[in-house]
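Colleague: I would like to learn how to read the features of a structure like this one. Please take them one at a time, with the general idea ahead of the case.

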Amino acid sequence: MNTKERAYLKGLAMNLDIVLSLGKSSLTPEFTQAVNEAITKRELIKINVLKNCMDDPRVLADTLAERTHSEVVQVIGRKIVLFKRNQEKSKIEFPGETKKKNRPAGRDI
């Protein structure tokens, strides 16, 4: 992900509601599964790290991104934004990005 794409996603994330909240039990397999399901469905999600969670939000974000095969867009305070493109039905299109058209092989017009 380049800086322009990251900046675009940050702008989209400003209007997002928090999807999940991470509490004192920290990263459990169930929470990781919930994040994976949410990010597969929505592509861009925002997670709140509650005050009773003693772990560092940046470390949590990196761990979640690794476990869900997603990318960390930003970590601000106790808010984490993750992105994972849905290969089948992508909902988010970046500016200047064009969808690949099926062209017949052989000639470029």
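Modeller: Start with burial: buried means under 20% relative accessible area, exposed means over 50%, and partly exposed lies in between (1.4 Å probe, protein chains only). This is a predicted model, in which local features need pLDDT of at least 70 and side-chain atom pairs count only at pLDDT 80 or more, while totals for chains, interfaces and linings use all residues. Residues are numbered from 1 along each chain as its sequence is written, and side-chain values use heavy atoms, with hydrogens and water left out.

Colleague: What share of the 109 residues of the chain counts as buried?

Modeller: The buried share is 33% of the 109 residues.

Colleague: How should I read the confidence, and what is the mean pLDDT of the chain?

Modeller: pLDDT is the predictor's confidence in each residue, from 0 to 100. Here the chain has a mean of 87, with 88% of its residues at 70 or more. Among the elements, the lowest mean pLDDT, 91, belongs to helix α1 (residues 3-13), and the highest, 96, to strand β4 (residues 79-83).

Colleague: Which elements does the chain run through, from the N terminus on?

Modeller: Helices (H or I, at least four residues) and strands (E, at least two) are DSSP runs, numbered from the N terminus. This chain has three helices and four strands, in the order α-β-α-β-α-β-β.

Colleague: Which residues form the positive surface patch?

Modeller: A patch takes residues with over 30% relative accessible area and no salt bridge; like charges are joined within 9 Å, and nonpolar side chains (Val, Leu, Ile, Met, Phe, Trp, Tyr) within 5 Å. Lys and Arg count as positive and Asp and Glu as negative, with His and the chain ends not counted. The place of a charge is NZ of Lys, CZ of Arg, CG of Asp or CD of Glu. In this model K41, R42, K89 and K91 form the positive patch. R42 belongs to helix α2 (residues 29-42), and its relative accessible area of 44% makes R42 partly exposed.

Colleague: How many salt bridges does the structure hold?

Modeller: A salt bridge needs a side-chain nitrogen of Lys or Arg within 4 Å of a carboxyl oxygen of Asp or Glu. The structure holds one, between the side chains of R58 and D62, at 3.5 Å from N to O. Both residues lie in helix α3 (residues 57-68), four residues apart, about one turn of the helix. R58 counts as partly exposed at 40% relative accessibility, and D62 as partly exposed at 37%.

Colleague: Are S26 and H69 buried or exposed?

Modeller: S26 is buried, with a relative accessible area of 13%. H69 is exposed, at 65% relative accessibility.

Colleague: Now contacts across the sequence. How far apart in space are A61 and L82?

Modeller: The idea is to set separation along the chain beside separation in space. A61 and L82 are 21 residues apart in sequence, with 7.9 Å from C-alpha to C-alpha. A61 is in helix α3 and is buried at 0% relative accessibility. L82 is in strand β4 and likewise counts as buried at 0%.

Colleague: Where is I18, and where is R85?

Modeller: I18 is in the loop between α1 and β1, and with a relative accessible area of 38% I18 is partly exposed. Its C-alpha is 6.5 Å from that of N48, at 30 residues apart in sequence. R85 is in the segment after β4 and counts as partly exposed at 27% relative accessibility. The C-alpha atoms of R85 and L44 are separated by 8.3 Å, with the two residues 41 apart along the chain.

Methods. Accessible areas come from the Shrake-Rupley method with a 1.4 Å probe; for residues, only the protein chains shown count as cover.
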